[in-house]
Structures are given as C-alpha cells and as structure tokens.
Amino acid sequence: MDLTTQNIRVLQRGYSRLFETGRGSVAPWYERIATVVNSTTAENVYPYLLQLPRMRKWVGDRVIRNLATQDYVIRNEDFELTIAVPRNSIEDDTYGIYSPRATMMGQSAAKYPDDLLVNLLKNGQALVGPDGQFFFDTDHPTSPINASLGVQSNLFTSTPLTAANFDAVR
C-alpha cells in the first residue's frame with residue numbers, strides 16, 4: 001500500500017472500527033458497584049450533605065432546616081493506549097497483523113475501569129479520597145465543619161471478604 005495521507009486515514013478508520021468492536025465485546029462489571037456519572041466538562045463538582053437532620057415527631061409547627069453542603073471536585077484525566085504500525089508493514093501490505101491488536105486494545109480499554117476499581121478496593125487504605133482521608137479509613141469526619149459530630153468508619157479489615165459480608169457492609 002502506498003503511504004499516502006488518504007491511505008493512512010483509511011487505516012486509522014479501520015483500526016478505530018476494530019477498537020470499537022473490541023470495546024463492545026467486553027462486559028465490564030464496575031457499573032455493578034460504582035456509580036457512573038458522565039462528564040462533559042474538565043471537572044465535576046459534587047456536593048455532599050454535611051449533616052442530614054434526624055426525623056422527629058411532628059408536634060406543633062413544622063421545623064424547617066437548611067441543609068449544609070460542601071463540594072468536592074474531581075478533575076477529569078486523560079488516558080491513552082497507542083501502538084506503532086511500522087512503515088514497512090504498511091508499504092508491504094502486512095498491516096493486517098495489527099488488526100487483532102486493535103481489537104484487543106478496545107477490550108483493554110473497556111476493562112480499564114474494572115482495573116481502576118480493583119486497585120481502589122485493594123489499596124484503598126493508602127489512596128486518598130475526596131475528603132482528604134484514605135478511601136478506607138476509621139475516622140472519616142461525619143461533618144468537615146463540625147468536628148463535635150464525630151467520625152465514621154468504612155474500614156472493615158476484620159471482616160473476611162465474602163459475598164455475604166460484602167452485601168452486609170454495602
């Protein structure tokens with residue numbers, strides 16, 4: 001194949017199609033335990049409640065409470081996976097050997113969120129979460145603006161990881 005701009009675009013479209021075919025052939029599982037939020041900006045701002053008032057018996061007038069919130073920001077990151085197709089492979093019409101690799105790259109991309117989630121679950125005691133604490137920790141502040149409200153834990157190291165325990169902790 002002649003190494004022309006048009007031929008390179010045709011190869012890129014073909015490899016992109018194979019990539020998407022590979023990506024669609026995999027059923028990642030991260031969505032079963034993670035919330036997916038689509039982003040169309042450079043960062044997402046997530047408000048969370050600092051303290052949710054408790055229910056009370058209704059006696060007399062309603063008591064209207066303002067909810068205190070705080071935001072945390074997650075900035076989007078860029079990811080890539082690039083392989084080289086040697087010039088001679090294109091010129092000698094042997095570029096077809098890269099087709100399976102393009103499909104496998106799509107499969108790898110589809111599984112990447114699974115890899116990220118597994119890393120978080122395995123190493124969450126050393127990875128910092130949005131509140132500045134380790135993701136799994138014993139002393140997450142119940143309220144970042146009112147320390148007197150105490151702390152909460154999401155660290156369950158004494159509990160074996162079984163399906164039943166996972167469901168109970170979740």
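**Group meeting: a walk through one predicted chain**

Before we go on, a word on what you're looking at. This is a predicted model, where local features need pLDDT of at least 70 and side-chain atom pairs count only at pLDDT 80 or more, while totals for chains, interfaces and linings use all residues. Residues are numbered from 1 along each chain as its sequence is written, and side-chain values use heavy atoms, leaving out hydrogens and water.

Back to Arg-75. What does Arg-75 form a salt bridge with? The partner is Glu-43, and the closest N and O atoms are 3.3 Å apart. This pair ties together distant parts of the chain: Arg-75 sits in strand S2 (residues 69-75), Glu-43 sits in strand S1 (residues 43-49), and 32 residues separate them. By salt bridge I mean a side-chain nitrogen of Lys or Arg within 4 Å of a carboxyl oxygen of Asp or Glu. Strands and helices are DSSP runs numbered from the N terminus, with at least two residues (E) for a strand and at least four (H or I) for a helix. Glu-43 comes out as partly exposed, at 33% relative accessibility.

How many salt bridges does a search of the whole structure find? It finds 3.

Glu-91 forms a salt bridge with Arg-87, and here the closest N and O atoms are 3.0 Å apart. Both residues lie in H2, 4 residues apart, or about one turn of the helix. Glu-91 is partly exposed, with a relative accessible area of 35%, whereas Arg-87 counts as exposed at 52%.

While we're in H2, which spans residues 87-91, have a look at Ser-89. Is Ser-89 buried or exposed? At 10% relative accessibility, Ser-89 is buried. If you skip its neighbours within four places in sequence, Ser-89 touches Thr-94, Tyr-95 and Tyr-98. Contact here means heavy atoms within 4.5 Å.

Now zoom out. The chain has 4 helices and 4 strands, and their order from the N terminus is α-β-β-α-α-β-β-α. Why do we call the chain more spread out than a compact globule? Its radius of gyration is 24 Å, well over the 15 Å that the globule rule gives for 170 residues. That radius is taken over C-alpha atoms, and the rule is 2.2 Å times the number of residues to the power 0.38. The C-alpha atoms fill a box of roughly 85 × 40 × 25 Å along the principal axes, and 15% of the 170 residues count as buried. Among contacts with a separation of 6 or more, 49% are between residues 24 or more positions apart.

Trp-29, Ile-33, Val-118, Leu-121, Leu-161 and Phe-166 make a nonpolar patch of about 520 Å². Patch residues have over 30% relative accessible area and no salt bridge; like charges are joined within 9 Å, and nonpolar side chains (Val, Leu, Ile, Met, Phe, Trp, Tyr) within 5 Å. Leu-161 sits in the loop between strand S4 (151-152) and helix H4 (163-169), and Leu-161 is exposed at 76%.

Last stop, the aromatics. The whole structure holds 2 aromatic pairs. One of them is Phe-135 with Phe-136: the ring centres are 5.1 Å apart and the planes are at 80 degrees, so the pair is edge-to-face. Rings of Phe, Tyr and Trp (its six-membered ring) pair if their centres lie within 6.5 Å; planes under 30 degrees apart are stacked, over 60 edge-to-face, and the rest tilted. Phe-135 is partly exposed at 30%, but Phe-136 is buried at 18%.

Key. Buried < 20%, exposed > 50% of the residue type's maximum accessible area, 1.4 Å probe, protein only. Areas by Shrake-Rupley, 256 points an atom, 1.4 Å probe, with all protein chains shown as cover.
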